[in-house]
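Here are a few notes to read with the model open beside you.

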Amino acid sequence: MNFQNKTIVVSGGTKGLGRYLVQNLLLQGANVTIGGRDKSLIKGILADRLTQRGCHYFVQTTVEDVGDCQNLIRKTIEKFGKVDGLVLYGGVTLISHLTDC
């Protein structure tokens, strides 16, 4: 698939699989809005010269907050004029003991 000049929103884009997706989308020339809690975590993503083929934009987002999620999409449209794809990776994992289930 060709992501050149496509605009993709990635929630949870600062860590783990979301971070990997952001790096690869940028490498392929996509415009990527990164939704996450901590802007300082994107520095490592952007340090790689290869990711500079695409454009990035960070919006501080807590996915549990509906208003934050709406803002993530609104800011993306304001910045890039469209949304071509959405990757919902960020979220909350509740951990409990198996005996409590």
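1. Let's start at Val22. Leaving out residues up to four places away in sequence, Val22 touches Val10, Gly13, Val32, Ile34 and Ile45, where contact means heavy atoms within 4.5 Å. A word on the basis: this is a predicted model, with local features needing pLDDT of at least 70 and side-chain atom pairs counting only at pLDDT 80 or more, while totals for chains, interfaces and linings use all residues. Residues are numbered from 1 along each chain as its sequence is written, and side-chain values use heavy atoms, with hydrogens and water left out.

2. Which residues make up the largest nonpolar core? There are 12: Phe3, Ile8, Val10, Val22, Leu25, Leu26, Ala30, Val32, Ile34, Ile42, Ile45 and Phe58. Two or more residues each come from β1 (7-11), α1 (16-27) and β2, and α1 gives the most, with three. Such a core is a set of buried Ala, Val, Leu, Ile, Met, Phe, Trp, Tyr and Cys residues joined through side-chain atoms within 4.5 Å. Buried means under 20% relative accessible area, exposed over 50%, and partly exposed in between (1.4 Å probe, protein chains only). Helices (H or I, at least four residues) and strands (E, at least two) are DSSP runs, numbered from the N terminus.

3. How many salt bridges does the structure hold? It holds two, each needing a side-chain nitrogen of Lys or Arg within 4 Å of a carboxyl oxygen of Asp or Glu. Arg37 and Glu64 form one, at 2.8 Å from N to O. That pair links distant parts of the chain, 27 residues apart: Arg37 sits in the loop between β2 (31-36) and α2 (43-46), and Glu64 in the loop between β3 (55-60) and α3 (66-80). Asp84 and Lys82 form a salt bridge at 3.2 Å; Asp84 is partly exposed at 39%, and Lys82 is partly exposed at 35%.

4. Finally, the cysteines. The disulfide count is zero, taking a disulfide as a pair of cysteine sulfur atoms within 2.5 Å. Cys55 is partly exposed at 43%, and Cys69 is partly exposed at 27%.
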